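Visitor: Hi! Could you show me around this one? I'd like to start with the spaces inside and then move on to the charged pairs.

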Amino acid sequence: MTFNRNLVAIDALDSRLRTSASRLLPLAEGYGQRDSQTLKLLFANDAERSAKFSLTVDEIHFDYSKSLIDSKALAALAELAEACGMQGAIGALFRGAKINQSEGRAALHTSLRSPSAANAPHAALVSETLTSLREFVGRVHSGTWTGYDGRAIETVINLGIGGSDLGPAMVVDALADFALGRPDVRFVSNVDPAHLTRMLTGLDPATTLFVVASKTFGTLETLTNARAARDWLVAASDETAVSRHFVAVSANIAEACDFGIEQSNIFPLWDWVGGRFSLWSAIGLPIALAIGFKAFEELLAGAHAMDTHFETAPLHQNLPVISALIAYWYRHYGASPSTAVVPYSQDLSLFPAYLQQLYMESLGKSISREGAVITQGTSEIIWGSAGTNGQHSYFQQLHQGTEFTPVEFIALATASVDDADERHRHLLANCLSQSMALMNGDEASADVGGVHWDPQKTIKGNRPSTTLLIKQLTPRNLGSLIALYEHKVFALSVLWNINAFDQWGVELGKRLSKDVYAALSEPAQSSGSAESASTLDASTRALVQIINSWRDPR
Ligand code: F6P
């Protein structure tokens with residue numbers, strides 16, 4: 001395995017960074033020239049490696065000793081972080097500087113979980129909103145919030161997408177062990193009618209509450225689903241029922257009121273909270289409804305604990321920074337443009353999907369903060385699934401593929417359910433054995449006394465991974481885990497000098513969909529040659545024509 005150095009990347013880095021970056025090249029070259037036993041050599045050369053390349057913060061232990069990196073490279077990377085102004089950038093994040101410079105906004109998700117007594121920016125506003133959330137959640141749980149026929153709420157459906165869905169849905173899934181059981185909290189995000197229609201099947205409108213979660217209150221999928229849900233409710237009752245069965249979370253109060261939601265039923269969101277960083281805000285309402293407000297506050301406290309670590313720990317002992325430096329190292333000196341995140345926890349099965357937005361909507365950019373084209377590779381492609389399932393799906397590629405893909409294992413020392421010790425030990429044994437196999441390969445596959453083994457069965461090993469070991473999946477530890485990745489993403493944005501908090505790339509597709517929608521709204525048998533199709537390219541126009549000829553407007 002060789003490390004493909006991205007030489008252009010070094011040239012693209014401004015002089016401020018070139019010194020430390022150029023120090024990295026020989027190290028990377030070193031890896032390229034060494035034999036394929038590098039990981040084994042690193043352990044053989046340093047009996048203390050496991051201890052030196054591990055870090056524990058509260059109940060989270062980060063083992064990065066199976067990373068293809070040595071102390072010299074790590075020191076050079078920490079120097080690079082220093083040269084990138086990492087400490088200053090972290091300070092700017094927490095004090096609310098307008099670091100989202102393309103939108104002229106701060107990124108203050110950390111204020112959402114700072115204890116109300118603290119002097120974090122907007123503390124009073126956050127505290128006030130948490131109080132109103134607590135009161136509302138209490139009324140739903142006590143049954144004093146009732147539907148149009150006086151019965152208590154049995155089911156809550158969150159209507160939202162992206163950051164208004166992925167975070168809350170992942171947390172509710174992950175903390176199933178802490179669920180109160182009533183109301184049953186569900187999530188609908190896709191405009192595909194199958195999503196809402198199937199979710200509503202069998203539900204009683206009289207005991208169903210909808211949370212319309214949309215920071216802009218302008219997202220097509222969410223508003224289309226909200227209108228369909230309102231029609232479903234009104235069909236069973238009348239317009240007056242909307243005030244009992246719809247609440248909203250939004251930064252656009254006017255639009256939410258226009259939809260017909262009473263202002264007293266709208267929980268505010270603010271422009272200094274990015275969508276993918278918003279589960280700590282009122283967007284987390286479905287979480288609090290599912291697990292109770294006290295557990296939601298534990299989630300916030302766990303994130304705050306990781307905030308304090310990120311803000312105060314020196315770079316070389318800073319968990320999010322070290323994790324970011326290793327990702328940076330592989331991205332520029334490694335081979336794979338992707339990273340697999342594999343939580344060995346069925347409760348965390350939605351975590352990779354949540355990380356996809358957090359990572360790739362924040363870091364999937366090619367223009368620097370100053371508007372220059374970035375020539376070095378930025379965000380890796382994040383993918384993964386729960387283990388052990390991944391072993392029966394894509395682990396073949398991880399073990400014998402043509403290039404290595406760094407793997408981030410996440411494991412829980414304690415099971416989330418009772419009477420499960422034996423099965424849980426099998427789960428953990430598989431997690432640890434996979435990282436061993438990636439690193440060591442199959443001893444038998446080496447030449448043994450000149451006897452060559454079947455190359456098809458050769459597992460070369462020397463494939464890096466990290467392991468995040470969490471004592472137990474509690475609200476507090478989950479909050480710390482999520483904040484860890486938020487800060488890792490931010491640290492990478494500092495290294496790559498990009499804005500992690502805007503997402504201009506998602507706007508064009510939304511705009512173009514309007515013309516395509518118009519062309520698809522022609523009569524079913526039309527040729528699609530109408531004016532609305534004239535703006536479409538030949539391929540899209542042809543597809544529209546086939547759809548219109550095949551579509552059966554049921
Ligand atoms: O994907 C684009 C995006 O704006 C995300 O950043 C956001 O989380 C999602 O759409 C939903 O936006 P809103 O909460 O405004 O409906």
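Guide: Happy to. Keep in mind that this is a predicted model. Let's begin with the second largest cavity, which has a volume of about 60 Å³.

Visitor: Which residues line the second largest cavity?

Guide: Its lining is made up of L112, V126, T129, L130, L133, W270, W280, S281 and A282.

Visitor: And which helix gives the largest share of that lining?

Guide: That's helix α8, residues 123-142, with four residues.

Visitor: How does the lining of the second largest cavity split by class?

Guide: Seven of the lining residues are nonpolar and two are polar, with no charged residues.

Visitor: OK, stepping back: how many cavities of 30 Å³ or more does a search of the whole structure find?

Guide: The search finds five of them. The largest cavity holds about 80 Å³ of space.

Visitor: Which residues are closest to the centre of the largest cavity?

Guide: Those are I326, Y330, P406, E408 and T466, out of 13 residues that line the largest cavity.

Visitor: Which elements give two or more residues to that lining?

Guide: There's α16 (319-333), along with β10 (407-412) and β11 (465-470). Of the contributors, α16 gives the most to the lining of the largest cavity, namely four residues.

Visitor: What classes of residue does the lining of the largest cavity have?

Guide: It has six nonpolar, four polar and three charged residues.

Visitor: New topic, then: salt bridges. What lets side chains pair up like that?

Guide: Side chains of opposite charge can pair when their charged atoms come close. In this model, the count comes to 13 salt bridges.

Visitor: Nice. What does R113 form a salt bridge with?

Guide: R113 pairs with E486, and their closest N and O atoms are 2.7 Å apart. This pair links distant parts of the chain, 373 residues apart: R113 sits in the loop between α7 (109-112) and α8, while E486 belongs to helix α20 (residues 475-496).

Visitor: Are R113 and E486 buried or exposed?

Guide: Both R113 and E486 are buried.

Visitor: Which residues are linked with R113 in a network of salt bridges?

Guide: D307 and E486 are linked with R113 in that network.

Visitor: What about E507, which residue does it form a salt bridge with?

Guide: E507 meets K510, with 3.7 Å between the closest N and O atoms. These two are about one helical turn apart, because they lie three residues apart in helix α21 (residues 507-520).

Visitor: And how accessible are E507 and K510?

Guide: E507 has 29% relative accessibility, so it counts as partly exposed. K510 is partly exposed too, with a relative accessible area of 43%.

Visitor: One more pair, please. What do the side chains of R105 and E103 meet in?

Guide: They meet in a salt bridge, at 3.7 Å from N to O. R105 has a relative accessible area of 26%, so it is partly exposed. E103 is also partly exposed, at 25% relative accessibility.

Visitor: Great, thanks for the tour!

How values were computed: Residues numbered from 1 in each chain as written. Predicted model: local features only at pLDDT ≥ 70, side-chain atom pairs only at ≥ 80, totals over all residues. Heavy atoms only, no water. 1 Å grid on protein atoms, 1.4 Å probe; cavity = no way out; pocket = protein on both sides within 12 Å on 5 of 7 lines; lining within 4 Å. Points joined across faces, edges and corners; volume = space filled by probe spheres on them. Nonpolar A, V, L, I, M, F, W, Y, C, P; charged D, E, K, R; others polar. Salt bridge = Lys/Arg side-chain N within 4 Å of Asp/Glu carboxyl O. Buried < 20%, exposed > 50% of the residue type's maximum accessible area, 1.4 Å probe, protein only.
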